[in-house]
Amino acid sequence: MTDATAGSTPAPRRESTQRSLLKQDARTRRRNAAEARFRSYGLIACLLGVLALVGLLTSVLGNGLSSFRQTYVELTVHLDADKLDPSGARDPAAIAKVTTFGYAPLIERAMREALAARGIAIDGLSEKEAAGIISRDAAAQLRNHVLANPEVIGTDVSFDVLANGRIDGYMKGRVTRETAETDSMVTPGQLQLAAALRDAGLLELKFNPSFITGSDASDQRPESAGLGIAILGSLYMMLIVLVLALPIGVAASIYLEEFAPKNRWTDLIEVNISNLAAVPSIVFGILGLAIFINFVGLPQSAPIVGGLVLTLMTLPTIIISTRAALKAVPPSIRDAALGVGASRMQAVFHHVLPLAMPGILTGTIIGLAQALGETAPLLLIGMVAFVRDFPAAPPEGLFDPASALPVQVFNWTQRADPAFVERASGAIIVLLAFLLVMNIVAVVLRRRFERRW
């Protein structure tokens, strides 16, 4: 040791720069505060979405649930054999010759007898006005019942006939005596008669199955309008979309993802598929009108045309979702299959495709649900027309005129009678039920076919 080193003093120790893990510094506090704000924003966004959904469902259910119940008048109708079957042979062809004009007097007489039997009399209300509370479709209902059961001719039958739309609105609180004073479709006396019949047990609200199974009605008969043709038309179109879009979309996706060479042509195809998915649906309606109706000559308002248009619109969605499901399969699955001697096709169809099946089925059902709710393309191909007769069974029924659920909603909202607004909300409930069922099926299929790797 030298004198220099011996005489040197040790350097002062630096203070430790380590921070305590138990104490947050300013930077950590700012980061934690930002994270807390982000969680709050996400929670607020979820709450706003839930509130919007609750408001929507409350509005739709509040306005539409009443459409599943209808006001009926219980009458005992004498089916006069001299008027309905003069020959007495009970020949269905001869009975069918009697039109609804022959049944209307029977209902009016039954109404007079019911009022007389219970001593109901409204001052200033004529017999014609008293019979006017019954729907104009009641005679057709009674005629259909007689044609289906010819043996009832000559007997007294207890029959529930529809009340007209204004009386039904009165029973549901939509029509009041104050509004009746300025309404040409109903009088305060008729509402007073309806109240008396309700107290006597002859007028009541019941479940209305014809709203689901019946056909549309004219503007003057909202109480008899139903969704049967629209439901059947939507089912036919979804059948066409499923048969065409699923195999074509899955086949195109498999080729583009697994077999197609990566060049500028496939890049161009992929870009166009993505662009088609963003094209407004009304453009597909114009395409369907120009090609399937004007060029090919298919009939307007037919489910075959609607199904083809919705197929073109759904294909990009199915292709994109199927390709995403195929990409989600790990490359090791393909490599392992090829490594043990499988061909490219065997690797795809025996290993990759089964693992991607949950995503493919989910994307397909979501595409079908989107097609089910489309309205604009169907309007352009004429499905907004008034259709009274049910289409036949497939394949002939695919070419018969029909409607669709979203088009029926649009049609009813354009009519002036408030009863059609109620029915439009009821149709929305049915449409939402269809969409809910389809989404439940998608979840069940996804869990059923889901595999782990």
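**Entry: a loop with two prolines.** I started at Pro395, which sits in the loop between helix H18 (376-380) and H19. I keep in mind that this is a predicted model. The peptide bond joining Pro394 and Pro395 is cis, with omega of about 5 degrees. H19 itself runs over residues 405-413, and I come back to H19 below.

Entry: Next I checked backbone angles and stopped at Ser301. Ser301 is not a glycine, yet its phi is positive, about 60 degrees. I found Ser301 in the loop between helix H14 (281-295) and helix H15 (303-327).

**Entry: domains.** Which domains does the assignment give? I noted domain 1 (68-207) and domain 2 (228-449). Their contact takes seven residues from domain 1 and nine residues from domain 2. I also wrote down that the C-alpha centres of domain 1 and domain 2 lie 45 Å apart.

**Entry: what the UniProt record says.** I then turned to the annotations, which come from an unreviewed entry. UniProt places "transmembrane region" at residues 40-61, 227-256, 276-298, 304-326, 347-369 and 424-445. I looked at two of those spans in the model. Residues 304-326 are 100% helix and 0% strand, and the end C-alpha atoms are 31 Å apart. Residues 347-369 are likewise 100% helix and 0% strand, with end C-alpha atoms 31 Å apart.

The UniProt record, again unreviewed, also has "domain: ABC transmembrane type-1" over residues 231-442. In the model I read that span as 75% helix and 0% strand. The end C-alpha atoms of residues 231-442 lie 21 Å apart.

**Entry: H12 against H19.** At what angle do helix H12 (residues 228-259) and H19 pack? The angle is about 145 degrees, and the axes are 8 Å apart. From H12 I listed Ala230, Ile231 and Ser234, which meet Leu405, Pro406 and Gln408 in H19. Sorted by class, this contact of H12 with H19 has four nonpolar residues, two polar ones and no charged ones.

**Entry: the cavity.** How many cavities of 30 Å³ or more does a search of the whole structure find? My note says one. The volume of the largest cavity is about 60 Å³. By class I have seven nonpolar, three polar and one charged in the cavity lining.

Entry: I finished with the largest pocket, which holds about 770 Å³ of space. The elements that give two or more residues to its lining are helix H5 (100-117), helix H6 (127-131), helix H7 (138-148) and helix H8 (165-171). Which element provides the largest share of the lining? H5 does, with five residues.

The pocket lining has 32 residues, and those nearest the pocket centre are Gly132, Ile134, Ser135, Arg136 and Asn164. By class, I count 12 nonpolar, nine polar and 11 charged residues in this lining. I also asked which domains contribute at least three residues each to the pocket lining. Both domain 1 (68-207) and domain 2 (228-449) do.

Note on methods. Residues are numbered from 1 along each chain as its sequence is written. This is a predicted model: local features need pLDDT of at least 70, side-chain atom pairs count only at pLDDT 80 or more; totals for chains, interfaces and linings use all residues. Side-chain values use heavy atoms; hydrogens and water are left out. On a 1 Å grid over the protein atoms alone, a cavity is a set of points where a 1.4 Å probe fits but cannot get out, and a pocket is an open set with protein on both sides within 12 Å along at least five of seven lines; lining residues have an atom within 4 Å of a point. Grid points are joined across faces, edges and corners, and a volume is the space filled by probe spheres set on the points. Helices (H or I, at least four residues) and strands (E, at least two) are DSSP runs, numbered from the N terminus. Ala, Val, Leu, Ile, Met, Phe, Trp, Tyr, Cys and Pro count as nonpolar, Asp, Glu, Lys and Arg as charged, and the others, Gly among them, as polar. Domain bounds come from an automatic or database domain assignment. Axes are lines fitted to C-alpha atoms, for helices over the stretch in contact, and angles run from 0 to 180 degrees between N-to-C directions. Contact means heavy atoms within 4.5 Å. UniProt positions are given in the numbering used here, feature names are shortened, and annotations may be inferred rather than shown by experiment.
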